[in-house]
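We'll go from stop to stop, with something to select at each one.

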Amino acid sequence: MTTERPKCSCNGGSTGLLIYSCAGSSNVGQLANEVAIEMARSGKGSMGCLIGLGAHVSTMVQNAKAANRIMMIDGCGVRCGMKALEHIGLTNFDSVVITEMGIKKNCDLKGDRDKLPELVKLISGRAGTITPLIIGEERVDGGCGCGTEGCCTDHDEEKGEGAKK
Ligand code: SF4
């Protein structure tokens with residue numbers, strides 16, 4: 001019996017759009033993450049691991065720099081994700097903030113899910129207008145660049161960059 005694996009959502013994708021979300025501990029942070037998931041699952045782009053960039057995992061940073069379009073989805077005006085991208089030297093990306101789309105920040109991690117379809121529509125539409133960049137760096141194979149063989153293949157997570165040290 002064969003088990004069907006889900007398609008890898010971290011590996012570039014055919015649209016060339018790389019999507020990051022802050023996934024913060026609030027209604028809007030979690031909504032940001034769910035918007036990114038929905039966009040990846042519907043083929044609008046692929047998700048990148050923002051925390052990997054914050055940790056300066058070199059291959060993930062390289063893949064972020066190789067993306068030809070990037071959408072950063074932050075929950076609130078603190079814009080942690082945007083700052084993380086800038087910290088690794090990225091400046092040419094699009095950035096959206098959930099609280100600027102009419103949703104007030106609160107501590108309910110599962111709050112405002114009724115707004116998800118509208119947010120996905122709005123942010124997906126905006127992503128379609130991002131001008132592609134000239135690709136500056138070569139992508140590293142292995143999905144998101146974690147150093148494993150990618151999440152759509154069998155692999156041992158211990159082989160990732162962090163485990164090499
Ligand atoms: S941008 Fe706002 S919601 Fe997201 S991690 Fe930062 S403080 Fe939390």
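Predicted model: local features only at pLDDT ≥ 70, side-chain atom pairs only at ≥ 80, totals over all residues.

Start by selecting Asn92, which is exposed because it has 12 other C-beta atoms within 10 Å.

Residues are numbered from 1 along each chain as its sequence is written.

Next, zoom out and colour by secondary structure. The protein chain has six helices and four strands, and from the N terminus the elements go β-α-β-α-α-β-α-β-α-α. (Helices are DSSP runs of H or I with at least four residues, strands are runs of E with at least two, and both are numbered from the N terminus.)

Select the strands. They form an open sheet in the order β2-β1-β3-β4, with parallel pairing. (Two strands pair if DSSP finds at least two bridges between them.) At the edges are β2 (46-47) and β4, each pairing on one side only.

Now pick β3 (69-74). Is this strand buried or exposed? Six of its six residues are buried, so β3 is largely enclosed by the rest of the structure. Both faces are covered, with Arg69, Met71 and Ile73 on one side and Ile70, Met72 and Asp74 on the other.

Look at the neighbours of β3. Five bridges link it to β1 in the parallel sense, and Ile19 has Met71 as its bridge partner there. Towards β4, which also runs parallel to β3, there are four bridges; Ile73 is partnered with Val96 and Asp74 with Val97.

On to the core. Which residues touch the most other members of the largest nonpolar core? Among its 37 residues, they are Ile19, Ala32, Val35, Ala36, Ile73 and Ile123. (Such a core is a set of buried Ala, Val, Leu, Ile, Met, Phe, Trp, Tyr and Cys residues joined through C-beta atoms within 7 Å.) Elements that each supply at least two of its residues include β1 (17-21), α1 (27-41) and α5 (116-127). Select α1 to see the top contributor, with seven residues. In soluble globular proteins, nonpolar side chains tend to be buried together.

Stay with Ile19 for a moment. Leaving out residues up to four places away in sequence, it touches Ala36, Met39, Ala40, Gly45, Ser46, Met47, Gly48, Met71 and Ile73. (A contact here means C-beta atoms, placed from the backbone, within 7 Å.)

Last stop: the ligand. Around it are Cys22, Gly24, Ser26, Val28, Gly29, Asp74, Gly75, Cys76, Val78, Arg79 and Cys80.

Terms used:
Buried ≥ 20, exposed ≤ 12 C-beta atoms within 10 Å, placed from the backbone. Contact = placed C-beta atoms within 7 Å. Near = placed C-beta within 6 Å.
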